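Biologist: I have a few labels to check against the numbers. Can you take me through them?

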Amino acid sequence: MKIKIIGIGSYIPNKEVSNTDFGDHVFLNEDGTPFAYPNEVVIKKFKGITGIENRRYAEDQHTSSDLAFFAAERALANANIDRETLDYIIFAHNFGDVKSGTNQSDILPSLATRVKNKLDIKNPKCVAYDILFGCPGWIEGVLQANAFIKSGMAKRVLVIGAETLSRVVDDHDRDSMIYSDGAGASILEASDDESGLLSYESATFANDEANYLYFGKSYNPDLDPDIKYIKMYGRKIYEFALSQVPCAMKSCLDKSGIGIDEVKKILIHQANEKMDEAIIARFYKLYDKTAPKDIMPMSIHDLGNSSVATVPTLFDLLIQGKLENHEINKGDVVIFASVGAGMNVNAFVYRY
């Protein structure tokens, strides 16, 4: 038995924030000292490394569970199913619902429960719960759905990834320009044809790598040190990703029995353009090959890094034909992969 995605939907907020909007920010070093060069230089270097020109932020009245609800409605419409037939709602996020103007996390009740409520699902046997797995959360949700369906515990599962990272960033940290908001949702059920999930890999590296991403105080020493923001050791994450993600992808592909030349697209977490390009190059090098042109669609240039939302949003845009020079056809083989806080790495091979 295989499982397949029968419905996909995403929500991309309308509020667009460009790199130039950071021109007046006061960026500081970790020790609180100012940069030795102007913001124009900071922004130019940032664009060259990450590829990000614009990002989307949620409207003030919306939280992560709102964005998730919007994406879930679209996925349900795309699948054309009765929402009462859902057995599970799995919601991947990192920081819960954070209201505009604050950075306090609210996860009571769970965000999955909030989405079930907003969807007006009456069936009490539709079980709703959250998972915290860093940026690879949506992929991990898909793997859990796979287990539920194969075991007979479920027939249909809604898996969501949504986040409002713009509300947990330190405005004085240049890394704040990376993060964005968004949501992606998918409906999964058993496949009665050749399409579906073929193989997977998942791992947590929690020794030296556990705190590569963490919650820390602002770089501005004048701000309350008890108020925390998302922080990361960028260089360590970059090196970790280049070391571990290509290996996970190769192991996953080898288990599927699919040849590297059959892979049509690779949908990878939209964290950093240079990093993603390097991951793909190393992955193909493991097979003594060069990565084909247009193998890796990208959305980071205009949408930024919306964490758990990046991969399902990318898949939705690909299916809708909204990514220039990219298309997907029935029978195509796609690799999904991600890396993030944990440090977690996962991937799956999928026949569309």
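Predicted model: local features only at pLDDT ≥ 70, side-chain atom pairs only at ≥ 80, totals over all residues.

Biologist: What makes the bond between Leu108 and Pro109 a cis peptide bond?

Modeller: Its omega is about 0°. Pro109 sits in the loop between strand E4 (88-92) and helix H3 (111-119).

Biologist: How do you know that the peptide bond from Gly342 to Met343 is cis?

Modeller: Omega again. The value there is near -5°. Met343 belongs to the loop between strand E12 (333-340) and strand E13 (344-351).

Biologist: What is the phi of Asp294?

Modeller: It is positive, about 65°, and Asp294 is not a glycine. The residue lies in the loop between helix H6 (273-285) and helix H7 (300-303).

Biologist: Why is Asp294 called partly exposed?

Modeller: Its relative accessible area is 31%. Buried means under 20%, and exposed means over 50%. The value for Asp294 falls in between, so the label is partly exposed.

Biologist: What about the backbone of Ser307?

Modeller: Ser307 has a positive phi of about 60°, and it is not a glycine either. Its place is the loop between H7 and helix H8 (310-319).

Biologist: Is Ser307 buried or exposed, and how do you know?

Modeller: Its relative accessibility is 2%. The cut-off for buried is under 20%. Ser307 therefore counts as buried.

Biologist: Now the sheet. What is the order of its strands?

Modeller: The order is E8-E13-E12-E11. The sheet is open, has 4 strands and shows mixed pairing.

Biologist: What makes strand E8 (196-204) and strand E11 (263-268) edge strands?

Modeller: Each of them pairs on one side only. From one strand to the next, the twist averages 15°.

Biologist: How do you know that E8 and E13 pair?

Modeller: Two strands pair if there are at least two bridges between them. E8 and E13 have 8 bridges, so they qualify as a pair. The sense is antiparallel. Within this pairing, Gly196 stands opposite Arg351 in E13.

Biologist: Which strands does H6 lie across?

Modeller: H6 lies across E11 and E12. It runs at about 140° to E11.

How values were computed:
Residues numbered from 1 in each chain as written. Heavy atoms only, no water. Helix = DSSP H or I, 4+ residues; strand = E, 2+ residues; numbered from the N terminus. Buried < 20%, exposed > 50% of the residue type's maximum accessible area, 1.4 Å probe, protein only. Axes fitted to C-alpha atoms, helices over the stretch in contact; angles between N-to-C directions. Contact = heavy atoms within 4.5 Å.
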